[in-house]
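Subject: Structure for you to look at

Hello,

Here is the structure I said I would pass on. Please open it and keep it in view while you read the notes below.

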Amino acid sequence: MLRNTLQKTERLCSETAIEELFAQGKKFHSFPLLIVARKREDTDAARILISVSKKRFHNAVDRNRVKRLIRAAYRQNKFPDGYDVAFIYISNKIEEYSKIEQAVKQVNSE
């Protein structure tokens, strides 16, 4: 049975990996997200980074809700192994789950 979970190995935590992602990654907009993606040489699990600005959402409750929606959309539409992806939320309001899921799906087609 395949579980839609987000393992520790699927989170992008290393500062050097994050710097490489933003230096070498391909950037594109898929409203309400700015997405930065990079193919790695190794074939480990895809790793993601989610960022929601405190400037746009002052309350932590709202920031955490947006991050939870992005994680749920990612779990339903996982990427092939060997990718690093950063999701940066750029909207000023909390969008519907369907819009966020559509933006996350855009990564697979790019």
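Two residues are said to be in contact when heavy atoms of theirs lie within 4.5 Å. With that in hand, leave aside the neighbours of Ala45 within four places in sequence: Ala45 is then in contact with Glu10, Arg40, Asp81, Gly82 and Tyr83. Please note that this is a predicted model.

Ala45 sits in the loop between S2 and S3. Is Ala45 buried or exposed, or something in between? Its relative accessibility is 25%, so Ala45 counts as partly exposed. The chain brings Ala45 and Val85 to 11 Å from each other, C-alpha to C-alpha, although they are 40 residues apart in sequence.

Tyr83 belongs to strand S4. Tyr83 counts as partly exposed because its relative accessibility is 29%. Once its neighbours within four places in sequence are left aside, the contacts of Tyr83 are Arg38, Lys39, Arg40, Ala45, Ala46 and Arg47. Tyr83 and Ile48 are 35 residues apart along the chain, and 8.3 Å separates their C-alpha atoms.

The sheet

What is the order of the strands in the sheet? The sheet is open, has four strands and mixed pairing, and its order is S1-S2-S4-S3. S1 and strand S3 (47–52) are the edge strands, since each pairs on one side only. On average, neighbouring strands of this sheet are turned by 20 degrees against each other, if direction is ignored.

Strand S1 (residues 26–30) pairs with S2 over five bridges, in the antiparallel sense. Two of the residue pairs can be checked by eye: Ser30 has Leu33 of S2 as its bridge partner, and His29 stands opposite Leu34 in S2. The link from S1 to S2 is a hairpin of two residues. Pro32 is placed in this loop between S1 and S2, and the peptide bond that joins Phe31 and Pro32 is cis, with omega at about 10 degrees. For background, most peptide bonds are trans.

S2 also runs antiparallel to strand S4 (residues 83–89), and seven bridges join the two. Here Arg38 stands opposite Asp84 in S4. How many residues of strand S2 (residues 33–39) are buried? Six of its seven residues are, and S2 is mostly covered.

The helices

Helix H1 (residues 15–24) lies across S1, S2, S3 and S4. The direction of H1 is at about 105 degrees to S2.

The other two helices to look at are H2 and H3. Two packed helices are described by the angle between their axes and the distance between the axes. For helix H2 (residues 60–76) and helix H3 (residues 97–109), the axes come within 9 Å and cross at roughly 50 degrees. The crossing of H2 past H3 is right-handed.

Which residues make the contact? From H2 they are Leu69, Ile70, Ala72, Ala73, Tyr74 and Gln76, and from H3 they are Tyr97, Ile100, Glu101 and Val104. Sorted by class, the contact of H2 with H3 has eight nonpolar residues, one polar and one charged.

Regards

Definitions and conventions
Residues are numbered from 1 along each chain as its sequence is written. This is a predicted model: local features need pLDDT of at least 70, side-chain atom pairs count only at pLDDT 80 or more; totals for chains, interfaces and linings use all residues. Side-chain values use heavy atoms; hydrogens and water are left out. Axes are lines fitted to C-alpha atoms, for helices over the stretch in contact, and angles run from 0 to 180 degrees between N-to-C directions. A crossing is left-handed if the near helix is turned anticlockwise from the far one by less than a right angle, and right-handed if clockwise. Ala, Val, Leu, Ile, Met, Phe, Trp, Tyr, Cys and Pro count as nonpolar, Asp, Glu, Lys and Arg as charged, and the others, Gly among them, as polar. Buried means under 20% relative accessible area, exposed over 50%, partly exposed in between (1.4 Å probe, protein chains only). Two strands pair if DSSP finds at least two bridges between them.
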